[in-house]
Amino acid sequence: MTEHHAITPRRVSFDWERTPLHWIPDEPTATHVINVLHLLLPAGERWFVKVFKEGLPLVTDPELLKDVKGFMGQEATHSVQHSYVLDHLAAQRLDTDAYTKHVEFLFRGILGETPPLGLIPAREWLRLRLSVIAAIEQFTAVLGDWVLAAEGLDDAGSDEVMLDLLRWHGAEEVEHRAVAFDMYQHCGGEGLPRYARRVAGMAVTAPVMLYMWAWGAAYLIRNDPQLAGPPRYSLGAHNRAVRKGLLPTWKELGSAVPRYLRRSYHPSQEGSMRRAIEYLALSPAARAAAGAIGRAAIA
């Protein structure tokens, strides 16, 4: 699918009433490693939207401007829906506030609109934050493509509502996989400095994401009210879940970095747009959202 694809927010909703805490049956490690998404994304995706709003006046390409606004609408919806999952976890006595306050500080404080210590010019600070978003979106596209094809999650009897949330979100990540990169390229200057800044964005993003994810998984497992004893995150349990197809392989995640660092790279090479669009046509939540829009138009 090489033609331009319009990016449109889908105002989905999910009913969490029947979703168990361990939504992958008998797999608390795999469940909570994936659940870290819900801890990171509400604050992270609100931050994406805020930074892109700052960058909008710099966008002179009308087609890119449409894509950026579509991206912002999708990311805002993602943030809201993952926030509802945090409410669901809290209702099951797994309170995430002690962790998410650090995530909020990362995005609102350290990566906020004001450059740290006032040492970086405002335009350069915006470019650096756009480069970080582009790097994060590299990983979300990889994860999105993975979850769309992760038959192991179906075979394990995973909760259908959670799978729909993850696959709807994953499909939209593949759908808008190139927007953050294109936004950075458009606003990030020219030549070698622009590329160096892209490398710096990934150099910051990859280790911080790994650290935050490991910390988040450990936090969720340690505070899970349904696990007996002093539960701890285990790399062995993680790797067993990988072998069952319940989590992406380390190679799938790690190889995303050298691909991104190639000078000639563009995220349109990442994942399967066809698979993403096919899922969005089948997703119960996306279909319900489209039906609601249609009924409203008729009324």
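User: What makes the pair Asp145 and Arg275 a salt bridge?

Analyst: This is a predicted model, and the distance is computed from its atoms. The side chains of Asp145 and Arg275 approach to 3.0 Å, N to O. The cut-off is 4 Å between a side-chain nitrogen of Lys or Arg and a carboxyl oxygen of Asp or Glu, so the pair qualifies as a salt bridge. Asp145 belongs to helix H4 and Arg275 to helix H12 (residues 273-282), so that the bridge links parts of the chain 130 residues apart.

User: Why is Asp145 called buried, and why is Arg275 called partly exposed?

Analyst: Buried means under 20% relative accessible area, and Asp145 has 16%, so Asp145 is buried. Arg275 has 31%, which lies between the limits of 20% and 50%, so Arg275 is partly exposed.

User: How do you know that Glu113 and Lys50 form a salt bridge, and which parts does the pair tie together?

Analyst: The closest N and O atoms of Glu113 and Lys50 are 3.2 Å apart. That value is within the 4 Å cut-off, so the pair is a salt bridge. Glu113 lies in the loop between helix H3 (97-110) and helix H4 (122-149), while Lys50 lies in helix H1 (residues 28-55), so the pair ties together parts 63 residues apart in sequence. Glu113 has a relative accessibility of 48% and counts as partly exposed. Lys50, at 41%, is likewise partly exposed.

User: Which residues are linked with Glu113 in a network of salt bridges, and how many salt bridges does the structure hold?

Analyst: The network links Lys50, Glu54, Glu113 and Arg129. The structure holds eleven salt bridges.

User: How do you know that the protein chain is as compact as a globular protein of its length?

Analyst: The secondary structure of the protein chain comes to 13 helices and zero strands. The radius of gyration is 19 Å, and the globule rule gives 19 Å for 299 residues, so the chain is as compact as a globular protein of that length. Along its principal axes, the C-alpha trace spans about 55 × 50 × 30 Å. Buried residues make up 51% of the 299 residues. Among contacts between residues at least 6 apart in sequence, 82% join residues at least 24 apart.

User: Which residues of helix H7 are buried, and what covers them?

Analyst: The buried residues of helix H7 (residues 179-187) are Val179, Ala180, Phe181, Met183, Tyr184 and Cys187. Their cover includes H1, helix H2 (62-91), H4, H8 and H11. After H7 comes Gly189, with a positive phi near 90°.

User: What space lies in the largest pocket, and what is its lining made of?

Analyst: About 660 Å³ of space lies in the largest pocket. Of the 29 residues lining the pocket, the closest to its centre are Leu143, Met209, Trp213, Pro248 and Leu253. The lining divides into 22 nonpolar, six polar and one charged. At least two lining residues come from each of H1, H4, helix H6 (160-175), helix H8 (191-222), helix H9 (235-243) and helix H10 (250-254).

User: Why are Asp26 and Arg93 called exposed, and what is the phi of each?

Analyst: Exposed means over 50% relative accessible area; Asp26 has 74%, so Asp26 is exposed. Arg93 has 61%, so the label applies to Arg93 too. Asp26 is in the segment before H1, and Arg93 is in the loop between H2 and H3. Most residues other than glycine have a negative phi. The phi of Asp26, however, is positive, near 60°, and that of Arg93 is positive at about 70°.

User: Why is Pro121 called exposed?

Analyst: Pro121 has a relative accessible area of 54%, which is over 50%, so Pro121 is exposed. Pro121 is found in the loop between H3 and H4.

How values were computed. Residues numbered from 1 in each chain as written. Predicted model: local features only at pLDDT ≥ 70, side-chain atom pairs only at ≥ 80, totals over all residues. Heavy atoms only, no water. Helix = DSSP H or I, 4+ residues; strand = E, 2+ residues; numbered from the N terminus. Buried < 20%, exposed > 50% of the residue type's maximum accessible area, 1.4 Å probe, protein only. 1 Å grid on protein atoms, 1.4 Å probe; cavity = no way out; pocket = protein on both sides within 12 Å on 5 of 7 lines; lining within 4 Å. Points joined across faces, edges and corners; volume = space filled by probe spheres on them. Nonpolar A, V, L, I, M, F, W, Y, C, P; charged D, E, K, R; others polar. Rg over C-alpha atoms; globule rule 2.2 N^0.38 Å. Contact = heavy atoms within 4.5 Å.
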